[in-house]
Amino acid sequence: MNPELRAAILSAVDENFDEQIAYTQKLVSFASQRAEEFAIQDFLYNDYAARGFKMDRFEMDEAALTAHEGGSPFSAEHSRAPIVVGIHHPREETGHSLILQHHVDVVPVGPLDMWEHDPYGGEIVGDRMYGRGSGDMKAGAAANVFALEALKRIGLQPAATVYLQSVVEEESTGNGAMQTFLRGYTADAALIPEPEDNMLVRANAGVLWFEVEVRGIPVHVREMGEGANAIDAAYRVISSLRELEKKWNSEKASHRGFEDIDHPINMNIGIIEGGDWGSSVPAWCKFQVRISIYAGDKAQPKLREITDHISRFARGDRFLAQNPPRVTQNGFNAEGYYLEPGSEAEETLARAHVGAFGEPLKTFTTPAYLDARVFALYNGIPTLCYGPISRNIHGFDEYVSLDSVRSVTKAMALFIAEWCGTEPLKP
């Protein structure tokens with residue numbers, strides 16, 4: 001890229017950045033928790049259309065998703081909000097096509113009195129913009145738009161097809177991104193600006209969600225020895241699952257990209273509920289589990305390993321042997337991926353990163369779920385998950401660094417200009 005074009009793109013991001021901040025605050029203002037993303041998706045549909053994109057809006061295909069090996073099961077909680085895609089076609093296709101993707105669903109905020117800042121206020125203090133989803137990943141959603149706007153500001157547009165995808169269900173199933181694949185969308189590369197501390201993800205973990213239900217025998221507590229406490233039994237199952245987690249972590253040396261991660265396999269008991277009365281031995285207990293799996297491991301065989309482990313444990317437990325726990329998959333059914341180094345797309349991003357940050361691009365492995373797995377595993381294209389510094393995602397007072405967002409947006413705009421090529425705006 002010639003120095004004059006690079007300088008013009010960097011300046012354009014700076015000149016648009018106040019508008020980008022306001023746009024990000026607007027996105028944060030939507031309380032787009034699971035199944036409540038309709039309003040933000042309508043906003044983005046109208047916004048993309050006004051910016052000149054050709055528009056596509058479609059719903060999830062439950063049958064197609066559940067039939068695909070990378071799809072996750074539906075439940076009553078599954079979002080029915082639409083997926084939105086803005087499509088840019090050049091006058092002449094001379095560059096590489098690109099998917100720019102983001103998700104707009106956010107996790108619950110928890111007790112409001114434990115936040116110092118309004119979860120949906122987008123409050124700015126110094127370099128930080130606070131709010132649920134500010135980092136994960138509405139700053140990235142805005143960066144997708146404003147990286148393209150930087151080119152428009154200097155009279156250019158990508159000389160290749162660009163698909164700007166806004167999806168839901170990233171935080172629970174990954175079905176939104178999967179549906180874009182099933183819809184037929186693909187490109188020469190994908191770029192997803194998740195909050196990745198100004199780095200590129202080299203590998204990520206897959207994720208499984210499942211629920212375990214244990215039944216007990218209720219009696220009055222004065223006779224509790226004659227009953228069976230389902231909550232106590234559930235704790236025994238959880239302890240057994242911790243042993244499986246420990247075993248999987250001990251195998252990290254044989255999984256590329258995870259060898260140097262201290263604890264790559266993380267199991268979380270995210271929800272637990274049970275019992276009906278404080279003075280009755282509880283007759284039931286349910287708990288929900290999230291556990292990661294290594295890139296390269298298939299989701300369903302790992303789930304069978306989990307269910308077999310629980311069954312073996314139950315057979316050795318006096319009560320559970322007669323009352324085996326019931327396991328139900330209720331969310332993620334996702335494999336991880338490993339990004340092979342040396343692709344033209346990665347080399348292009350590396351140059352763009354140097355142009356924006358003045359330092360080499362770093363890579364790392366994350367033990368988290370990423371929608372990038374859809375494009376890497378099923379589209380079979382180089383998938384670049386790369387984005388700004390953020391803290392406390394899924395926690396209280398989540399925030400994103402605005403200085404980081406500015407530089408990442410510059411890198412994205414430089415990447416798009418080189419990867420897609422440029423042509424003058426349509427007359």
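Me: Before we start, what does partly exposed mean here?
Reply: Buried means under 20% relative accessible area, exposed means over 50%, and partly exposed is in between. Keep in mind that this is a predicted model.

Me: OK, so where does Asp14 fall, buried, exposed or partly exposed?
Reply: Asp14 has a relative accessible area of 33%, so it is partly exposed.

Me: Which residue does Asp14 form a salt bridge with?
Reply: Lys410. The closest N and O atoms are 3.1 Å apart. The pair links distant parts of the chain. Asp14 is in helix α1 and Lys410 is in helix α10, 396 residues apart.

Me: And Lys410, buried or exposed?
Reply: Buried, because its relative accessible area is 13%.

Me: Why do such side chains pair at all?
Reply: Opposite charges can pair when their charged atoms come close.

Me: How many salt bridges does a search of the whole structure find?
Reply: It finds 24. Glu213 and Arg326 make one of them, at 2.4 Å from N to O. Glu213 lies in strand β10 and Arg326 in strand β13, so the pair ties together parts 113 residues apart in sequence. Glu213 is buried, with a relative accessible area of 9%.

Me: What about Arg57 and Asp42?
Reply: Their side chains meet in a salt bridge too, at 3.2 Å from N to O. Arg57 is in strand β1 and Asp42 in helix α2, so this pair joins parts 15 residues apart in sequence. Arg57 is partly exposed at 39%. Asp42 is partly exposed at 34%.

Me: Which residues are linked in a network of salt bridges?
Reply: Asp47, Arg51, Glu149 and Lys152.

Me: New topic. Is α4 largely enclosed or open, and why?
Reply: Largely enclosed by the rest of the structure, because 18 of its 20 residues are buried. A straight helix of 20 residues would span 28 Å, but α4 spans only 25 Å between its end C-alpha atoms.

Me: Which peptide bond is cis?
Reply: The one from Asp136 to Met137 is, with omega near -10 degrees. Met137 lies in α4. After that helix comes Gly155, with a positive phi near 80 degrees.

Me: Which residue has a positive phi although it is not a glycine?
Reply: Ala35 has one, about 75 degrees. Ala35 sits in the loop between α1 and α2. Asn392 has a positive phi as well, about 65 degrees. Its loop runs between β17 and β18.

Me: Last one. Which residues form a negative surface patch?
Reply: Glu93, Asp188, Glu344 and Glu347. Glu93 is in the loop between β2 and β3. At 45% relative accessibility, Glu93 counts as partly exposed.

Conventions:
Residues numbered from 1 in each chain as written. Predicted model: local features only at pLDDT ≥ 70, side-chain atom pairs only at ≥ 80, totals over all residues. Heavy atoms only, no water. Patch = residues over 30% accessible without salt bridge, like charges linked within 9 Å, V, L, I, M, F, W, Y side chains within 5 Å. Areas by Shrake-Rupley, 256 points an atom, 1.4 Å probe, with all protein chains shown as cover. Salt bridge = Lys/Arg side-chain N within 4 Å of Asp/Glu carboxyl O. Lys, Arg positive; Asp, Glu negative; His and termini not counted. Charge placed at Lys NZ, Arg CZ, Asp CG, Glu CD. Helix = DSSP H or I, 4+ residues; strand = E, 2+ residues; numbered from the N terminus. Buried < 20%, exposed > 50% of the residue type's maximum accessible area, 1.4 Å probe, protein only. Expected span 1.5 Å × (residues − 1).
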